[in-house]
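Here is a short report on one protein model. It moves from the surface to a pocket, and then to the charged pairs.

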Amino acid sequence: MNSLEQAEDLKAFERRLTEYVSCLQPATGRWRMILIVVSVCTATGAWNWLIDPDTQKVSFFSSLWNHPFFTISCITLIALFFAGIHKRVVAPSIIAARCRTVLAEYNMSCDDTGKLILKPRPNSKTFA
């Protein structure tokens, strides 16, 4: 392959990578918002659960029954983590990190948006 074909291949790869990362951004934003809302609900419910004087007087399960907001939000948060929300929130970063690993062998890298970064060639001088 000549250098012109190689440059076109790199441009096509960069376009596809940036397109893929940008397509993940809206979904990532929605998952982040869901995680924030459920986390705030869990923290608020936990605060109310902890400051309730009856929490120390009744059994653990009875105290959870008395605070359904905390119980439901906590179960929802746990279910979201089991469903992999932590991976969906950082999906573009995972893709970029994996691309950096592969591109390192070719003396290249990429930023978080998928744009390629060409690194200077290392000196091949031999020291005598």
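## A nonpolar patch on the surface

W47, L50 and I51 form a nonpolar patch on the surface. Together these residues have about 370 Å² of accessible area. The model is a predicted one.

W47 belongs to helix α1, which covers residues 3-51. Its relative accessibility is 55%, so W47 counts as exposed. The cut-off for that label is over 50%.

## The largest pocket

The largest pocket has a volume of about 200 Å³. Its lining is made up of Q6, L10, Y106, N107, M108, L118, K119 and R121. By class, four of the lining residues are nonpolar, two are polar and two are charged.

N107 sits in the loop between α5 (91-103) and β1 (108-110). With a relative accessibility of 26%, N107 counts as partly exposed.

E8 is partly exposed because its relative accessibility is 39%. K11 is partly exposed too, with a relative accessible area of 43%.

R16 and E19 also meet through their side chains in a salt bridge, at 2.7 Å from N to O. They too are three residues apart in helix α1, so about one helical turn lies between them. R16 has a relative accessible area of 47% and is partly exposed. E19 is partly exposed as well, at 42%.

## A salt bridge between a loop and a helix

D112 forms a salt bridge with R100. The closest N and O atoms of this pair are 2.7 Å apart. The pair links distant parts of the chain, 12 residues apart. D112 is in the loop between β1 and β2 (116-118), while R100 is in helix α5.

How exposed is D112? Its relative accessible area is 49%, so D112 is partly exposed. R100 has a relative accessibility of 27% and counts as partly exposed.

Key: Residues numbered from 1 in each chain as written. Predicted model: local features only at pLDDT ≥ 70, side-chain atom pairs only at ≥ 80, totals over all residues. Heavy atoms only, no water. Patch = residues over 30% accessible without salt bridge, like charges linked within 9 Å, V, L, I, M, F, W, Y side chains within 5 Å. Areas by Shrake-Rupley, 256 points an atom, 1.4 Å probe, with all protein chains shown as cover. Salt bridge = Lys/Arg side-chain N within 4 Å of Asp/Glu carboxyl O. Helix = DSSP H or I, 4+ residues; strand = E, 2+ residues; numbered from the N terminus. Buried < 20%, exposed > 50% of the residue type's maximum accessible area, 1.4 Å probe, protein only. 1 Å grid on protein atoms, 1.4 Å probe; cavity = no way out; pocket = protein on both sides within 12 Å on 5 of 7 lines; lining within 4 Å. Points joined across faces, edges and corners; volume = space filled by probe spheres on them. Nonpolar A, V, L, I, M, F, W, Y, C, P; charged D, E, K, R; others polar.
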